[in-house]
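Open the model in a viewer and keep the selection panel at hand.

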Amino acid sequence: DRDYGPVLELCRLLLQSSTLNLRTGRIAQFSFVFDMNRLFEEFITEFLRRHKRRIRLGEGRLAKVAYQRRLGRLFCEFNMDADLVLTDDAGRSFLVDTKYKVLDPKKRHAGLSQADFYQMYAYGNAGMQHFDDIVLLYPASNVAERTFQQDEIRLHVRRFDPRSIYDAEGGGP
């Protein structure tokens, strides 16, 4: 009973149509927490894999999705892992970093983070592989998509809206 006590109490609350109260009391509960950054990243990966025939990348179609791709090590201490590396049917490669952040056109730089740009610049210069484009991918918002150029690195700020992929072919899941 000790190991399952919190789960049993939660089940009792649900069956009695009760809710949790933030006050201290005699009912012990457990918490259920997700890392939303990781969940968003994994959702994007699985969505792209399942629907790659519907997705256009530049001039071609999405052909391959690689998740958690190792780019190299920083100062021999820190792993540099890209969220995604996408390849189109013409062989072009796209490094994608997902960001579970809400962009706001009223904020300075629309809420884009300087640290995220530093990260993408480091990724673009890491390892031996050249990427045709680097993408910061955010949840859908009303912030305009933009492209930045620094040296040989082209960085795109894009929004991810799965509805636009479905709507393009008039289909659902």
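Select Leu71, Leu95, Leu103, Met120, Tyr123, Ile134 and Tyr138: within the largest nonpolar core, which has 20 residues, these touch the most other members. A nonpolar core here is a set of buried Ala, Val, Leu, Ile, Met, Phe, Trp, Tyr and Cys residues joined through side-chain atoms within 4.5 Å. Buried means under 20% relative accessible area, exposed over 50%, and partly exposed in between (1.4 Å probe, protein chains only). Now colour strand 2 (60-74), strand 3 (78-88), helix 3, strand 5 (133-139) and strand 7, the elements that each give two or more residues to this core. Helices (H or I, at least four residues) and strands (E, at least two) are DSSP runs, numbered from the N terminus.

The model is predicted: local features need pLDDT of at least 70 and side-chain atom pairs count only at pLDDT 80 or more, while totals for chains, interfaces and linings use all residues. Residues are numbered from 1 along each chain as its sequence is written, and side-chain values use heavy atoms, with hydrogens and water left out.

Centre on Leu71. Beyond its neighbours within four places in sequence, Leu71 is in contact (heavy atoms within 4.5 Å) with Met80, Ala82, Leu95, Tyr123, Ala126, Gly127 and Phe131.

Go on to the aromatic rings. Rings of Phe, Tyr and Trp (its six-membered ring) pair if their centres lie within 6.5 Å; planes under 30 degrees apart count as stacked, over 60 as edge-to-face and the rest as tilted. How many aromatic pairs does this rule give? The count is five. Select Phe43 and Phe160: the ring centres are 6.2 Å apart and the planes at 75°, so this pair is edge-to-face. Phe43 sits in helix 2 (residues 36-50) and Phe160 in strand 7 (residues 153-160), so the pair ties together parts 117 residues apart in sequence.

Phe117 belongs to helix 3 (residues 114-124) and Phe148 to strand 6 (residues 146-150), so the pair joins parts 31 residues apart in sequence. Phe117 is partly exposed, at 23%; Phe148 is partly exposed at 23%.

Finally, show the whole chain: it has four helices and seven strands, in the order α-α-β-β-β-β-α-β-β-β-α from the N terminus. Of its 173 residues, 31% count as buried.
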